[in-house]
Amino acid sequence: MNDILVLGAGRVGSAIVRDLAQDFAVTAADADADSLKRLESLCAAETELLDLRNESEFRTLVGRHDLIIGALPGHLGFQSLRVVLEERKPTVDISFFEEDPFRLDELARSNNVTAVVDCGVAPGLCNILLADAGRQIEVEKYRCLVGGLPVKRPWPFEYKAPFSPIDVIEEYLRPARQVVNGEIEIRPALSDVEEVDFPEVGVLEAFTTDGLRTLLKTTRTPFMQEKTLRYPGHAELMRVLREAGFFSKDPLDVGGNSIRPIDLTSRLLFPLWQLGDDEEEFTVMLVEMEGLRDGERSRLRYLLYDRFDPNTRISSMARTTGYTCCAVARLIANGRFSRKGICPPEYVGREEGCFREVIQFLESRGVSLRKDTG
């Protein structure tokens, strides 16, 4: 598999293209001509202006390539993945779509296709870490705290979106599923706020979001929790907007015009949340797992801290998300991972050799994890 198509040339998609273009023939497809033009100046990738609403054109483009990378906003991810599977192409997808990817498992299996989904940093790398931990201990508790934030804290939100802003808002709306005593509990997004002190950045707040996703089906760990990290006070601001109806998808009549509040809110927030090209930001992720090893209590703890790269001008979230995707794409392209069907990242992590290769690849790109055991 030497010919790769990357769907999406945004901040993360462009990082994926630039990395894979070092070793493969890569084509980047996007609806935004400016994004493609900018990418052409950075690497030796081909570009295609693509309107996904033109399904015939989309299918033709997919059919010309060996491996497809999905780096689209969440609302486009599921249907695009369906088309890729119908065209019988292996794929790695980072789109944070709302739909259950296992709805496409039968399609992927019947077409003998490998489809790794949710393959970013979280979900993604954290799932891989949990799967590897399962070979070392009988995991009873899993907890992941993760976030991407600007170094400078701009008022009033103290936040910038390192990926699609509409996906951020969706995180604040979806009911969050956690696992307690082996049972799924539903919690409101933005709830259960706690403060956590990270040596590299200071105190951050962690709040509940729906990040466990495929782990709810593939893992029997009795206690599982995922939370998003922001600067203190952000969750309260977002709850105010949500409860006041600013994130509502129900149309309102305003002066004779039908307007969805979320659309207006998005238009107002996105300029404020837009990361500058050279704006420094960081990604921090803490993954903690506890369980039994040979009958004794044991703990595994991973800490990731990564920052904007001023040399490549690639954001930390694009690095940590994109390079995890690139590592798995290389496994598939080189025949190292070939399981058919919908394959969440934990399936990759369960194969020891694949786990090592992913971690080694990330380290080669300057993304390192600090591991503690006890």
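Visitor: Where is Leu264 placed?
Guide: Leu264 sits in helix α10; helices (H or I, at least four residues) and strands (E, at least two) are DSSP runs, numbered from the N terminus. This is a predicted model, in which local features need pLDDT of at least 70 and side-chain atom pairs count only at pLDDT 80 or more, while totals for chains, interfaces and linings use all residues. Residues are numbered from 1 along each chain as its sequence is written, and side-chain values use heavy atoms, with hydrogens and water left out.

Visitor: Which residues form the nonpolar patch on the surface?
Guide: Leu264 belongs to that patch together with Leu252, Val254, Ile259 and Leu268, and their accessible area together is about 450 Å². Both β13 (252-254) and α10 (261-273) supply at least two residues of the patch. Patch residues have over 30% relative accessible area and no salt bridge, and nonpolar side chains (Val, Leu, Ile, Met, Phe, Trp, Tyr) are joined within 5 Å.

Visitor: Turning to salt bridges, how many are there?
Guide: The count comes to 33 salt bridges, each being a side-chain nitrogen of Lys or Arg within 4 Å of a carboxyl oxygen of Asp or Glu.

Visitor: What does Glu140 pair with?
Guide: Glu140 forms a salt bridge with Arg297, with the closest N and O atoms 2.7 Å apart. Glu140 lies in strand β7 (residues 138-150) and Arg297 in strand β16 (residues 296-307), so the pair ties together parts 157 residues apart in sequence.

Visitor: And Arg319 and Asp309, buried or exposed?
Guide: Both Arg319 and Asp309 are buried, meaning under 20% relative accessible area (1.4 Å probe, protein chains only). Their side chains meet in a salt bridge (3.9 Å, N to O). Arg319 is in helix α11 (residues 316-333) and Asp309 in the loop between β16 and α11, so this pair ties together parts 10 residues apart in sequence.

Visitor: Which residues do salt bridges that share partners join into one network?
Guide: Arg143, Glu194, Lys227, Glu288, Arg301 and Asp372 are joined in that way.

Visitor: Which element gives the most to its lining?
Guide: Helix α4 does, with 4 residues.

How values were computed. Patch = residues over 30% accessible without salt bridge, like charges linked within 9 Å, V, L, I, M, F, W, Y side chains within 5 Å. Areas by Shrake-Rupley, 256 points an atom, 1.4 Å probe, with all protein chains shown as cover. Buried < 20%, exposed > 50% of the residue type's maximum accessible area, 1.4 Å probe, protein only.
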